[in-house]
Amino acid sequence: ICRLCILPLSAAVLCSCAGGIHMSAIDKSYSTDTISVNAKIPQISGLSSKSLQESLNEEYTSTVTDLLNNFSKTAKTTGEQSSFDVRTAQQYNKNGIYSVITQIDCCSKYAQQNSFRITNNIDTKKCIKLDLTDLFSDDSYIDMLNERISEAVASEPDKYADLWEKPRLGHNQQFYINGKNLVVVYPPYELSYYERGFVEIPLDLESMSGYLKPEYRCLAEN
């Protein structure tokens, strides 16, 4: 049975304008006897840095296009009923910070579903793409976040009972901002069985305000 992973997020936001950013989409959707494709490739406009804007849009386009081409070839070869779905959801748009997630789900009747995410966090004032390290004053945040992650997992044993490995910050750790939380994201099969999907661990931003750079402490005050 084909089961698409449903994001625990808001409905797809493909046309949202605030703080100068506009999200639109290139529609590559189509259907055949064996494959159903719902592929709306997100595109950002309104950034003052055109080079950053082009880089982000190229990331969206190339990632979705490459996955879709490979998936379509496999679907034609196997003849299985297959689906390809792209969804984008805005999580945060305040104080010059724009946080958005795109999830891509590839599913066929008998094969294991594959899911991918693109998480982008943008400082619209500086016009830069934010890595996790950019939010914090120094490297002491690494030990602090690892401790908060362990505490979060321990506080909800039922929710995280199926994790086979202790979550730690990784290189180029995926994250997004959602309300007053910094949400750390782990892909399927990294910490638990594949069908569990993405493991998300929300961490309260207010409790880590002292570690944030002064310009990002506003994230903890909303």
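Mentor: Before we start: two residues are in contact when their heavy atoms lie within 4.5 Å. Keep in mind too that this is a predicted model.

Trainee: How do you know that the radius of gyration agrees with a compact globule?

Mentor: Set the two values side by side. For 222 residues a compact globule would come out near 17 Å, and the protein chain has 18 Å, so the two agree. As for extents, the C-alpha trace spans about 55 × 45 × 25 Å along its principal axes.

Trainee: How much of the chain counts as buried?

Mentor: 46% of the 222 residues do.

Trainee: What makes a group of residues a nonpolar core?

Mentor: They have to be buried, belong to the nonpolar set, and be joined through side-chain atoms within 4.5 Å. The largest such core here has 30 residues, and Leu-132, Leu-135, Phe-136, Leu-145, Leu-182 and Ile-201 touch the most other members. At least two residues each come from helix 2 (140-155), strand 10 (174-178), strand 11 (181-186) and strand 12 (199-204). Helix 2 gives the most, six residues.

Trainee: Which residues does Phe-136 contact, leaving aside neighbours within four places in sequence?

Mentor: Phe-136 is in contact with Tyr-141, Met-144, Leu-145, Leu-182, Met-208, Tyr-211, Leu-212 and Lys-213. There's also a second, separate core of 25 residues, with Met-23, Ile-35, Ile-44 and Ile-118 among them.

Trainee: Why is Gln-113 called buried?

Mentor: The cut-off for buried is under 20% relative accessible area. Gln-113 has 13%, so buried is what we call it. You'll find Gln-113 in the loop between strand 7 and strand 8 (114-123). Its C-alpha is 28 Å from that of Tyr-92, 21 residues away along the chain.

Trainee: And why is Asp-204 called partly exposed?

Mentor: Partly exposed covers what falls between the buried cut-off of 20% and the exposed cut-off of 50%. Asp-204 has 34% relative accessibility, so it counts as partly exposed. This residue sits in strand 12 and touches Lys-180 and Asn-181, if you skip residues up to four places away. Lys-180 is 24 residues from Asp-204 in sequence, yet their C-alpha atoms are 6.2 Å apart.

Trainee: What makes the phi of Asn-95 worth a remark?

Mentor: Asn-95 has a positive phi of about 50 degrees although it isn't a glycine. It lies in the loop between strand 6 (82-94) and strand 7 (97-108). With 32% relative accessibility, Asn-95 counts as partly exposed. Tyr-189 is another non-glycine with a positive phi, of about 80 degrees.

Trainee: Where is Tyr-189 found, and is it buried or exposed?

Mentor: Tyr-189 is in the loop between strand 11 and strand 12. Exposed means over 50%, and Tyr-189 has 54%, so it counts as exposed.

Trainee: One last thing: how far apart are the mean positions of the positive and negative charges?

Mentor: The mean positions of the 21 positive and 28 negative charges are 4 Å apart.

Terms used
Residues numbered from 1 in each chain as written. Predicted model: local features only at pLDDT ≥ 70, side-chain atom pairs only at ≥ 80, totals over all residues. Heavy atoms only, no water. Rg over C-alpha atoms; globule rule 2.2 N^0.38 Å. Buried < 20%, exposed > 50% of the residue type's maximum accessible area, 1.4 Å probe, protein only. Lys, Arg positive; Asp, Glu negative; His and termini not counted. Charge placed at Lys NZ, Arg CZ, Asp CG, Glu CD. Helix = DSSP H or I, 4+ residues; strand = E, 2+ residues; numbered from the N terminus.
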